[in-house]
Amino acid sequence: FRRVLFRSKLRSKSYGLTVVQPFTITVPQAELDDLRLRLARTRWPDSGAGGWRDGTDLAYLRDVVAYWRDAYDWRRAESRLNEVPQVRVDCGALGIHALHIRGRGPSPLPLVITHGWPGSVVEMLKIAPRLADPTAYGGNAIDAFDLVIPSLPGYGFSDRPQSGGTEPRVIARMWLQLMSALGYERFGAQGGDWGAAVSVELALAAPGRLAGVHLNLMPRWYLPSPQDMSDASPEELAFFDDRAHWVATEGAYASVHSTKPQSLAYGLNDSPAGLAAWILEKFHTWSDCGGDIESVFSRDDLLTNVSIYWHTQTIGSSIRLYRERNLRLPAPLATKPDVPFGFAAFPKELGHAPRRLIERVLRLERYEVMPRGGHFAALEQPDLLAAEIRTFFRPYR
């Protein structure tokens, strides 16, 4: 099935001992027909009076499902994705899919950008051209990047882990192999959500290969706890209070993912409407959309992201990453990795850590408070984030 679904039509290339194989997305028509039938047969639940406060709004989801069934054009989205150069690389036991976009400039800096959950490489389609070809967007060619944008293991077009243990430290080692396979020994890293965790792990695993790391979220497990800080500032204490409130009011999804992902996977892998509800609620709640999800994201972009999870059947393997990390939580960083870090604090992110707190564990060289944007910054505010990434990396090229 996967050989048919994700077949390559181009010759492979070999860099050293690792084969890099060009990649083309092709979803069989039978899959699209099956999806349409499942959407038409959705059994709708009752709706409470809370609207989006109770989860995904029923009226909105019914409208989206009807659009997905009758108007959304996967073939158009597939063609758009296939316009971007893509590769598959065997990294250990898993094949990793990545967008690979060459920069336009005198000396593009290689940059690996890692997405998170419930995202995919679709998140990066707007920011990628702004980084690879900055002159086309009012920038300078000296700031161009060669971009490597992988699908996390168990997400989208990368292989699904068949055993336990695949968590950010392991993924970072895969990325080192991926970058070597593509011919890059020195490079930068960028990410939010799981991409932030993988980027920090890259700095810990191979600081000598990293030109710098830019984050738009600081994973909580690397930070000290309030009990470990005798000199915690009021701003730091407020951050921990806000984080505790967020976990109590918004963190149920992560608790399920971290403890019983398999039980949830049965329903989400079988019901496209259920899958859309689970994912779209996060795009609504975590973004800077003012309650109107489609004021920030196009409906087609939202459904392309959901469709990737559906057609690759990776919702179960994607949420299992929470379980794998929960079983292997690292201790807070005791020694700062010898790599410069930059941080973009978007106002609607899931509680962004204050500068002083991040400086306790990372060599933070730049901390910029952004005027707008949320968790999906690359898709919400590609111009703002691209400009910030270019500015951060300029001294480290």
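Helices (H or I, at least four residues) and strands (E, at least two) are DSSP runs, numbered from the N terminus. I'm using those labels throughout.

**Ground rules.** This is a predicted model, so I noted the limits: local features need pLDDT of at least 70, side-chain atom pairs count only at pLDDT 80 or more, and totals for chains, interfaces and linings use all residues. Residues are numbered from 1 along each chain as its sequence is written, and side-chain values use heavy atoms, with hydrogens and water left out.

**Entry 1: cavities.** I searched the whole structure and got 2 cavities of 30 Å³ or more. A cavity here is a set of points, on a 1 Å grid over the protein atoms alone, where a 1.4 Å probe fits but cannot get out; lining residues have an atom within 4 Å of a point. Grid points are joined across faces, edges and corners, and the volume is the space filled by probe spheres set on the points.

The largest cavity comes out at about 120 Å³. It has 18 lining residues, and Glu 123, Met 124, Gly 192, Asn 216 and His 375 are the closest to its centre. I also looked up which elements contribute: β7 (187-191) and α15 (377-380) each give at least two residues to this lining. By class I get 7 nonpolar, 9 polar and 2 charged residues. For the classes, Ala, Val, Leu, Ile, Met, Phe, Trp, Tyr, Cys and Pro are nonpolar, Asp, Glu, Lys and Arg are charged, and the others, Gly among them, are polar.

The second largest cavity holds about 30 Å³. Its lining includes His 115, Ser 120, Tyr 155 and Ile 308. That lining splits into 4 nonpolar and 4 polar residues, with no charged ones.

**Entry 2: helix α4.** In α4 (residues 74-82), I find Trp 74, Ala 77, Glu 78 and Leu 81 buried, meaning under 20% relative accessible area (1.4 Å probe, protein chains only). Down the axis of α4, the buried residues fall within an arc of 100°, so they line one face of the helix; the arc is that of the directions from the helix axis to the C-beta atoms. They pack against α2 (29-40), β3 (86-91) and α12 (299-312). At the N-terminal end, Asp 73 caps α4, with a side-chain oxygen 3.0 Å from the backbone nitrogen of Arg 75.

**Entry 3: Ser 307.** Next I checked Ser 307, which sits in α12. At 1% relative accessibility, Ser 307 counts as buried. Leaving aside neighbours within four places in sequence, Ser 307 is in contact (heavy atoms within 4.5 Å) with Trp 68, Tyr 72 and Trp 74.

Notes. Buried < 20%, exposed > 50% of the residue type's maximum accessible area, 1.4 Å probe, protein only. Polar contact = N/O pair within 3.5 Å; in protein donor to acceptor, adjacent residues only side chain to side chain. 1 Å grid on protein atoms, 1.4 Å probe; cavity = no way out; pocket = protein on both sides within 12 Å on 5 of 7 lines; lining within 4 Å.
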